[in-house]
Each structure stands twice: as structure tokens, then as C-alpha cells.
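This briefing is meant for a reader who is meeting the structure for the first time. Please keep the sequence and the model at hand while reading the points below.

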Amino acid sequence: MTFCLLLLSVVAVTAAGPAPRALSRAKWPEREPVVALWAWQCLVATVLLCCVTALALAAAAVFGTVRAQLFAPAPPAVAAAYDLSAAPPWTAALTVLLACGAAWTTAVLGRELVDARRRRARARAHLRERVPDLPAGLPAPRGPLLVLEDEYPDAWWMPGSPPRLIVTTGALRRLTDHQVDAVLAHERGHARAHHHWLLHLSTALATGFPRVPLLTHFCDQTHRLVELAADDTASRRCGHMTTALALIELNQHRGVLSCASSHRLLGERVDRLLKPPPRLGRRDRALTTTAAALVPLLPLLIAFAPGLTALP
């Protein structure tokens with residue numbers, strides 16, 4: 001059992017430290033943002049699984065009730081293979097630390113979900129105030145697309161029930177029909193991939209654990225990669241040039257081509273659309289996706305290895 005805990009710690013530290021730094025410096029995520037998002041999620045899942053399995057083993061070694069419940073369906077030889085009775089003294093401290101980490105993770109995720117719901121409710125209330133009043137007898141608009149009378153060019157997707165795609169009349173005046181299609185395709189790409197859930201998860205973990213490199217990189221890269229993925233969705237439907245021009249026209253008043261850090265991503269997106277990077281081949285994409293999916297299996301393999309070897 002001690003060897004399992006040490007090995008789980010090594011895997012967790014590797015996935016939380018060197019691995020995210022190497023992935024954030026790699027060039028291929030710019031070419032395949034969807035695969036890169038999957039790789040980041042697999043790294044986070046690996047660390048969480050390491051912590052959960054280590055918590056289960058450590059708690060089973062410290063508390064007899066947990067041990068009885070955890071190994072109730074297993075043969076006696078499986079429980080003996082873990083040698084839980086010979087747990088070192090630091091196992092109790094590790095159990096408390098991991099339990100506190102699990103409770104804090106649950107708290108920050110719950111807080112993010114509650115805050116997101118409140119922000120969404122305030123945004124919907126503000127949206128209802130901006131929607132023009134209709135003559136009596138006409139039903140309120142129920143479709144996913146809502147046009148606001150506003151000179152400020154903007155478009156965004158508001159998740160919820162029902163989800164809404166909002167575009168202002170300023171954007172419709174500034175953009176051509178093909179560019180409007182590109183903007184709508186971009187926002188639909190966010191909606192179909194449920195990027196808002198991924199953004200909530202990455203933001204909550206980075207806020208709750210700001211000193212963990214994996215989670216800070218995960219938050220930064222998620223906000224970047226979801227935009228690149230949505231750009232790819234729009235460019236496949238409407239073309240790279242049309243999508244780039246729509247992005248410039250919609251954000252020109254915000255300084256899209258400036259060097260400010262807040263606008264650097266917009267400039268990167270425009271450059272990427274005007275000079276599309278070479279995509280990974282189908283085989284390389286499949287190998288990368290499969291390799292990323294196998295990484296979270298390491299904690300499970302480490303945790304179940306002693307029990308599997310004890311089976312006849």
C-alpha cells in the first residue's frame with residue numbers, strides 16, 4: 001500500500017508540474033485546439049484520480065470502517081495484498097490533507113456554479129430590459145436568435161434554458177451577410193461543444209488552487225483554445241478569410257490589432273485565420289487522442305494492481 005501511495009504521488013506531481021509546462025509550450029495545440037482541450041482535460045482527470053484513489057487507500061488504512069466497506073465485495077486475499085495493517089504513521093496526515101483538498105475542490109466548484117447561475121440570471125434580467133417592447137397581442141420571441149437595437153457591434157452566446165444567440169444591430173450593419181454567418185457559426189461552435197462548462201471548471205480550479213501549475217495553465221489554455229476551436233468551426237463553414245474579416249470588423253473598435261495583453265489573443269486569432277497552420281494527419285490526431293485518453297488510466301492501474309495480482 002505504501003508503494004501505491006508513493007507511485008500515485010509521483011504520477012500526480014508529474015501531471016501537475018512538468019507535463020502542463022511542456023504542453024503549454026508545444027506548437028501542435030494551435031493546429032488542433034479540440035485535441036489539445038481533450039489532452040488538458042485528461043491531465044486534470046489524472047491528477048484528480050490520483051488524489052481520489054490515494055484518499056481511498058489512505059482512509060482504508062486509517063479507518064477500519066472504510067476498509068470494511070471498500071473491500072467488502074473482494075476476497076480476503078485482495079485485502080491482504082494491500083497490507084493495510086502496516087500503514088506508516090504519515091498515512092493519517094495524508095488522509096486529512098487529501099480529505100481537506102477534496103472538500104475544498106467541491107466547495108470551489110459549487111461556488112463557481114452558483115456564481116455562474118447568478119451572473120446568468122442578472123444577464124437575462126438586463127437582456128429583458130434591453131429587448132424592445134412589442135405591440136400588445138404579439139408573442140415574445142422564442143427562437144435561439146435575438147437581435148438587440150444597439151449601435152455597439154457585438155454578438156455573444158448566452159447558455160441557459162432556453163439558450164440564446166444575441167447579436168446587435170450595430171454588428172448587422174457593420175458586417176456583410178457572409179461575415180454575419182461566420183460570427184453565428186463561431187457562437188454556435190461554443191454552444192454545441194458546451195464550452196461554458198469547461199470554462200467554469202477551469203476557472204473554479206484555478207481560483208481554488210492558484211499555486212498548482214496544471215490548473216493555472218489549464219485555465220489560461222482553455223480560454224484560448226475554445227476560441228480557436230470556435231474559429232475553426234466558423235472557418236470550415238464560411239472560409240478562413242471571411243471569418244478573419246468578421247473578427248476584425250467586429251473587434252476593430254476594441255483594438256484587435258494592438259499589442260495590449262487583453263487583445264493579444266484577438267491578434268493571434270486573426271493571424272491564425274489568415275495563415276492557417278498545417279493540421280495534424282488523421283492518424284497523428286487519433287494517436288494523440290488515444291494517448292491522452294490512456295493517461296487517466298494510470299492511477300486506476302496503480303490502485304488496482306495489488307488486488308489484481310492477488311486474484312487466483
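Are Arg269 and Asp231 buried or exposed? Both Arg269 and Asp231 are buried, where buried means under 20% relative accessible area, exposed means over 50%, and partly exposed covers what is in between, with a 1.4 Å probe and protein chains only. The model is a predicted one, in which local features need pLDDT of at least 70 and side-chain atom pairs count only at pLDDT 80 or more, while totals for chains, interfaces and linings use all residues. Residues are numbered from 1 along each chain as its sequence is written, and side-chain values use heavy atoms, with hydrogens and water left out.

**Salt bridges**

- A salt bridge here is a side-chain nitrogen of Lys or Arg within 4 Å of a carboxyl oxygen of Asp or Glu, and by this rule the count comes to 10 salt bridges.
- One of them joins the side chains of Arg269 and Asp231, at 2.8 Å from N to O; this pair links distant parts of the chain, since Arg269 is in helix α13 and Asp231 in helix α11, 38 residues apart.
- Salt bridges that share partners also join Glu32, Arg279 and Arg285 into one network.
- Another salt bridge brings together the side chains of Arg173 and Glu149, at 3.4 Å from N to O; Arg173 belongs to helix α8 (residues 169-174) and Glu149 to the loop between β1 and β2, so the pair ties together parts that are 24 residues apart in sequence.
- Arg173 counts as exposed at 53% relative accessibility, and Glu149 is exposed as well, with a relative accessible area of 56%.
- The side chains of Glu249 and Arg174 also meet in a salt bridge, at 3.9 Å from N to O; because Glu249 lies in helix α12 (residues 240-251) and Arg174 in helix α8, the pair ties together parts that are 75 residues apart in sequence.
- Glu249 is partly exposed at 27% relative accessibility, and Arg174 is partly exposed with a relative accessible area of 36%.

**Strands around β3**

- Helices (H or I, at least four residues) and strands (E, at least two) are DSSP runs, numbered from the N terminus, and two strands pair if DSSP finds at least two bridges between them.
- Strand β1 (residues 145-148) runs parallel to β3 and is joined to it by four bridges, with Leu148 standing opposite Thr168 in β3.
- Strand β2 (residues 155-158) pairs with β3 in the antiparallel sense, also over four bridges, and here Met158 stands opposite Arg164 in β3.
- β2 and β3 form a hairpin with five residues between them, and Gly160 in the turn has a positive phi of about 145 degrees.
- In a regular strand the side chains alternate between the two faces of the sheet.
- Both faces of β3 are covered, with Arg164, Ile166 and Thr168 buried on one side and Leu165 and Val167 buried on the other, and in strand β3 (residues 164-168) five of its five residues are buried.

**Nonpolar cores**

- A nonpolar core is a set of buried Ala, Val, Leu, Ile, Met, Phe, Trp, Tyr and Cys residues joined through side-chain atoms within 4.5 Å.
- The largest nonpolar core has 23 residues, and those with the most contacts inside it are Leu23, Trp28, Trp40, Leu43, Val44, Leu214 and Leu225.
- The elements that give two or more residues to this core are α1 (2-16), α4 (33-62), α10 (195-208) and α11, and α4 gives the most, with nine residues.
- Domain 1 (1-130 + 282-311) and domain 2 (147-279) both give residues to this core, so it lies between them; the domain bounds come from an automatic or database domain assignment.
- Apart from this core lies another, of 18 residues, among them Met1, Ala54, Val78 and Leu94.

- Contact means heavy atoms within 4.5 Å, and the neighbours within four places in sequence are left aside for Gln221, which is in contact with Ser24 and Trp40.
- Gln221 has its place in helix α11 (residues 213-238) and is buried, with a relative accessible area of 14%.
- Arg272 lies in helix α13 (residues 264-274) and counts as buried at 5% relative accessibility.
- Not counting residues up to four places away in sequence, Arg272 touches several residues, including Glu30, Arg31, Asp231 and Asp232.
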